[in-house]
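User: I would like to learn how to read helices and their faces in a model. Can you take me through one?

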Amino acid sequence: QALMVKLLFYDTVRIRKIRAVMQSNDAVNCYNRILHVILSIVFQRAGVPKEHVETAMETVDNMVHQCRTPFGDSDATHGPSAPGEAPQQGAFQGIGFGPAGYAHMSSVMNDALREGDFGIKLTSAITNTEHRLASICFVDDDDQAEHARTPDEPMRNVLYRAQNASDFWS
């Protein structure tokens with residue numbers, strides 16, 4: 001689906017002969033570094049009761065982590081956080097609430113980007129419906145697109161909006 005949206009974007013840019021940019025951002029382990037307070041707010045915004053969110057965060061904070069290899073589990077462990085230490089953060093790979101939390105967080109970010117007038121506008125040829133697209137996301141990777149708003153808009157304006165959108169995302 002993401003590939004089809006990108007192809008539609010490129011086709012639209014070629015047909016309309018407008019200036020545009022598509023940037024790919026890899027958040028490099030952002031998934032594993034999400035602050036729990038942010039996840040908590042995002043889950044509560046989605047309607048998850050505060051008590052359930054607190055239980056999930058407490059569970060993550062008290063987990064003991066080991067490395068599993070083909071030769072067995074490592075003897076060395078890390079976690080839970082010692083008294084006085086900052087609690088562990090992140091959604092972690094393999095935790096059930098991780099993908100949902102990141103998806104909700106990405107949705108909130110995309111909504112904010114659209115409200116900030118970032119992204120592109122695509123119009124359906126059949127229904128003439130306008131769609132606003134801020135980014136195409138997969139886990140902690142996203143592709144952000146910007147295009148000229150008018151045929152004669154300078155490329156520096158398009159690049160400026162693209163850089164601002166990237167700065168906002170990170």
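Analyst: Start at the end of a helix and look at the backbone. This is a predicted model. Just after α1, Lys17 has a positive phi of about 55°.

User: Where does α1 run, and what should its 15 residues span at 1.5 Å a residue?

Analyst: Helix α1 covers residues 2–16. The expected span is 1.5 Å times one less than the number of residues. For the 15 residues of α1 that gives 21 Å, and the end C-alpha atoms are 21 Å apart, so the two agree.

User: Which residues of α1 are buried?

Analyst: Buried means under 20% relative accessible area. In α1 these residues are Phe9, Thr12 and Val13. They cover an arc of only 95° around the axis, so they sit on the same side of α1.

User: What covers them?

Analyst: The cover over the buried residues of α1 includes β1 (20–26), β4 (120–123) and β7 (141–147).

User: And which residues are exposed on the other side of α1?

Analyst: Exposed means over 50% relative accessible area. Leu3, Met4, Arg14 and Ile15 are exposed there. Take Met4: its relative accessible area is 58%, so Met4 counts as exposed.

User: Which residues form a nonpolar patch on the surface?

Analyst: Leu3, Met4, Leu7 and Tyr10 form one. Together they have about 410 Å² of accessible area.

User: Let me try α3. How many residues does it have, and how far does it reach?

Analyst: Helix α3 (residues 50–61) has twelve residues. From its first C-alpha to its last it reaches 16 Å, close to the 16 Å expected at 1.5 Å a residue.

User: Which residues of α3 are buried, and where do they lie around the axis?

Analyst: Val53, Met57 and Val60 are buried in α3. Their arc around the axis is only 60°, which puts them on the same side of α3. The face turned away from that buried side carries the exposed residues Glu51, His52 and Glu58.

User: What covers the buried residues of α3?

Analyst: Their cover includes α2 (36–45) and α4 (97–115).

User: Which residues is Ser106 in contact with, leaving aside its neighbours within four places in sequence?

Analyst: With those neighbours set aside, Ser106 is in contact with Cys137 and Trp169.

Notes
Residues are numbered from 1 along each chain as its sequence is written. This is a predicted model: local features need pLDDT of at least 70, side-chain atom pairs count only at pLDDT 80 or more; totals for chains, interfaces and linings use all residues. Side-chain values use heavy atoms; hydrogens and water are left out. Patches are made of residues with over 30% relative accessible area and no salt bridge: like charges are joined within 9 Å, nonpolar side chains (Val, Leu, Ile, Met, Phe, Trp, Tyr) within 5 Å. Accessible areas come from the Shrake-Rupley method with a 1.4 Å probe; for residues, only the protein chains shown count as cover. A salt bridge is a side-chain nitrogen of Lys or Arg within 4 Å of a carboxyl oxygen of Asp or Glu. Helices (H or I, at least four residues) and strands (E, at least two) are DSSP runs, numbered from the N terminus. Buried means under 20% relative accessible area, exposed over 50%, partly exposed in between (1.4 Å probe, protein chains only). The arc is that of the directions from the helix axis to the C-beta atoms. Contact means heavy atoms within 4.5 Å.
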